[in-house]
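Here are some notes to read alongside the structure. Keep the viewer open and check each point as you go.

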Amino acid sequence: MRPISPASVRDARRLVRAVAAVAAVGVVALLSVLAAAGWGLAGSVAYSVLAVVGLLVLAASARRQPAGRMPWVLLAVGAAVLVSGQLSLMWLVDDYAPERTPEVWLSGLAERPGAFAVGLVAYPLLLAGQLVLLRQRVSRILPSSWLDVLAAASLLAAASWAFLVPAAGRTLGLEPLGAVLLTARPLLDLLLVALAASTWGLSGWRADRRLPMLVLAFAVLAISDTAGALHVAGVVGGPVVGAGVDVGRLVALGVAAAAAATRASRPSDARVDTLGAVVTSVLALVLCVALLALDQVRPLRPTAVGLVLLTLLLVGAKLLVVIREVVRLAGSRQQALTDDLTGLANRRAFDGALAAAGDGRRAGLLLVDLDRFKEVNDRHGHAAGDALLRRTSTALRDVVPRTAPVARLGGDEFAVLLPGADVGAASEAARAVVAAVGAASVAGAGPDAGGPAVGASVGVATTPDASGRSVAAEELLRRADAAMFVAKRAGRGDAPDGGGPRDGASGAWGVYDEAADAERRERRETLEGLRAVLSGAAGAGELVVHYQPQVAASGVVVGAEALVRWRHPDRGLLAPAAFLDLAEEHGLMGALTARVLRRAAADAAGWARRGHRLRVSVNVSTSVLVDPGLMPLVEEVLARTPLAASDLVLEITETMLMRDPERALPTARRLAERGVGLSIDDYGTGYASMGYLDDLPATELKLDRAFTARLGRRERTAAIVRTTVDLAHRLGLRLVAEGVEDHATLRALHDLGVDETQGYLHSRPLDAAAFGCWLDERTTSAPGPSSGSTDDAVALGAAQTSSR
């Protein structure tokens, strides 16, 4: 048996709908014939059965609504009240027939007003259901909008009492109650049509198929009730009119039931706002004034005057609520466009100003980023960081023109828009911003703060650009960001030629140029690739670890330094300088260090199994050293490999140690208690680090390669090295000299008492497999204390750069 295809199901549903539509038309036609001929018993029974069936469908469909059931339940109950009133007239009034004369209807209306008033009870339910549906379909309706409904109803009632009720009383001889009963249903039907059409329009004309069906249902009901009122008043007559009234009401019930059975759609994002609804109040106010003026010329009924005054009261309440809402909306708008911490414009507000500036007019953009702001938060807490941001915002406002929009874009990033500024003016403003932010940082730090020197890196971009082309807002912001990268490099002292000017310790600024932008794009691509390779994404290449040996004066290889490399799929093998600063800047150093540490420990364990027990040294940054996750990582590595704790050495530079000694020293002590070695790398290049040697549980000093390279040329360098060796030995530390590239330097270091050496003379950095083979060959050749292998000599000839 073949499965039924979706297309077949859709075709079957279309056929069922078509048959149902034809059947509905046939039923309506049959009822029309029966009504025109006089209902009789058969017609009344058929009408009653169809009305009850319509009510059951409406109620069942309301219960099956997946969401927003309440309005349809209210509509179903209201329809039930309307139908019960219609059926009570049909079955309880003597000689009920559409062809009854108006005189007979008026007599029944005067004698039994309760039978005619039953239907009016349904309208509060129908109106409530329509209002709840409006609330569900429109995302936001301000409270003042609900007062419009009450004011409209009151005004409609006032107009009815002023015109329709007196006219009906005079023309038809009805009492006020009878006149109200005659005119109320058509007017209430019109109010329902207006509400349904408003809901449909605010939700979107094609948003929900149920809404136009409701408009149609209420419109048919309004036409039927209006025709009935005109028939009773004697304006129109004949059995056809009476039949149309009865059948029309049944058709309205059927359309409403079909609407409830239709699938709902998502609510709209439309809103009913305060200012748009003021028009309703003004119109109601004008009509009320007109009615009161008419009362002076021709006195109105007291009830009509009372309803007019009630409408005025509602309009006044609406205007008071509108004033309150406008104040709230203004405050909300201001809040939405303002940064809470600094009081400056936020990114949303600045984007609007930036978009206006990109419309062909001259403008300069400064993008300001605080240097070392994270260190302020880490060391002194977020309260100190917030205070620094507030001082920075004040400094920016004081130094730029008052007409220039200033914004905090987020975090420690600010922006300044300079309308009418060219490159020269924008550059001068950038210089002033750098000086002002630096001064604000110093002023807030205090004499004993001891915190990092916070400055500003400012990127400058202008529109039109150098070629005279206008720059769009997004592109202008991107160019300023690229220029800020140049400024950051200038602030670190490593800007390329043409980089942004430096301004001492307070920061730097840079102007956009295409060459620096290309370099920045390359760095961004490098960063994205690094994230991918750390996450294990396919095609991103892999991180590998190379090792450079550390050789004792006896010629025995006693250790190896692990140096990370990135085997890039497109750019080949990348040295650490190509990506380590990006990893540190963007919080990836922890994951990178964990990868290297696990790999180095596993490789060292593998060499030990081959008879080569070595220490393995891994470089760690300050951010990793102060990370609470470092100790658990070390414990994990030592637990998963047979590597002894004493054979694991973590290297940090003395400048990194000095950056945050209060947090670094406790971690270093915990590592020492665990037995892990600690090496101070690049020793001799920092300042004021001598005092930390007494507190730091180091096991090793690594003499910077700058001293090694000058050893044979300067006698003062030899004295410094001899003093450093003596200091290390007196403290119980071993001294390792880096950058050894020739035999003369090696012999001089041995003569000065250096314990171990490392450099291209011994070997260039090798991957784990090649390093293992190199160890095997060296063991076989058994070199002497001062010799290097043939491979060492070849490597030395090829080496022109540092191993880092």
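Predicted model: local features only at pLDDT ≥ 70, side-chain atom pairs only at ≥ 80, totals over all residues.

1. The overall picture. The chain has 804 residues, and 47% of them count as buried. You'll find 29 helices and 17 strands in the chain. Take the contacts between residues at least 6 apart in sequence: 72% of these join residues at least 24 apart.

2. Leu75 sits in helix α3, which covers residues 70-92. Is Leu75 buried or exposed? With a relative accessibility of 5%, Leu75 counts as buried, since the cut-off for that is under 20%. Setting aside residues up to four places away in sequence, Leu75 touches Leu58, Leu126, Gln130, Leu214 and Phe218. Have a look at Ala122 too: it is 47 residues from Leu75 along the chain, yet their C-alpha atoms are separated by 8.9 Å.

3. The largest nonpolar core. As background, nonpolar side chains tend to be buried together in soluble globular proteins. In this model the largest nonpolar core has 79 residues, and the ones touching the most other members are Tyr547, Val634, Leu650, Val721 and Phe771. Which helix gives the largest share of this core? That would be α20 (residues 589-609), with 9 residues. There is also a second, separate core of 39 residues, with Ala62, Leu192, Ala252 and Ala257 among them.

4. Thr593, also in α20. While you're looking at helix α20, find Thr593, which has its place there. Thr593 counts as buried, at 4% relative accessibility. Leaving aside neighbours within four places in sequence, Thr593 is in contact with Asn619, Val620 and Val624.

5. How α22 meets α24. Two packed helices are described by the angle between their axes and the distance between the axes. For α22 (residues 630-640) and α24 (residues 661-674), the axes come within 11 Å and cross at roughly 20 degrees. Angles under 35 degrees count as roughly parallel, so that is the description for α22 and α24. The crossing of α22 past α24 is right-handed. On the α22 side the contact is made by Leu630, Met631, Val634, Glu635 and Leu638, and on the α24 side by Thr667, Arg670, Leu671 and Arg674. By type, the residues of this contact are 5 nonpolar, 1 polar and 3 charged.

6. Two backbone spots to check. The peptide bond joining Thr463 and Pro464 is cis, with omega at about -5 degrees. Pro464 is in the loop between β6 (455-463) and α17 (473-492). The other spot is Arg372, a residue other than glycine with a positive phi, near 60 degrees. Where is Arg372 found? Look in the loop between β3 (363-371) and α14 (373-380). Its relative accessible area is 35%, so Arg372 is partly exposed.

Terms used:
Residues numbered from 1 in each chain as written. Heavy atoms only, no water. Axes fitted to C-alpha atoms, helices over the stretch in contact; angles between N-to-C directions. Helix = DSSP H or I, 4+ residues; strand = E, 2+ residues; numbered from the N terminus. Parallel < 35°, antiparallel > 145°, perpendicular 65-115°, else oblique. Left-handed = near helix turned anticlockwise from the far one by under 90°. Contact = heavy atoms within 4.5 Å. Nonpolar A, V, L, I, M, F, W, Y, C, P; charged D, E, K, R; others polar. Core = buried A, V, L, I, M, F, W, Y, C linked by side-chain atoms within 4.5 Å. Buried < 20%, exposed > 50% of the residue type's maximum accessible area, 1.4 Å probe, protein only.
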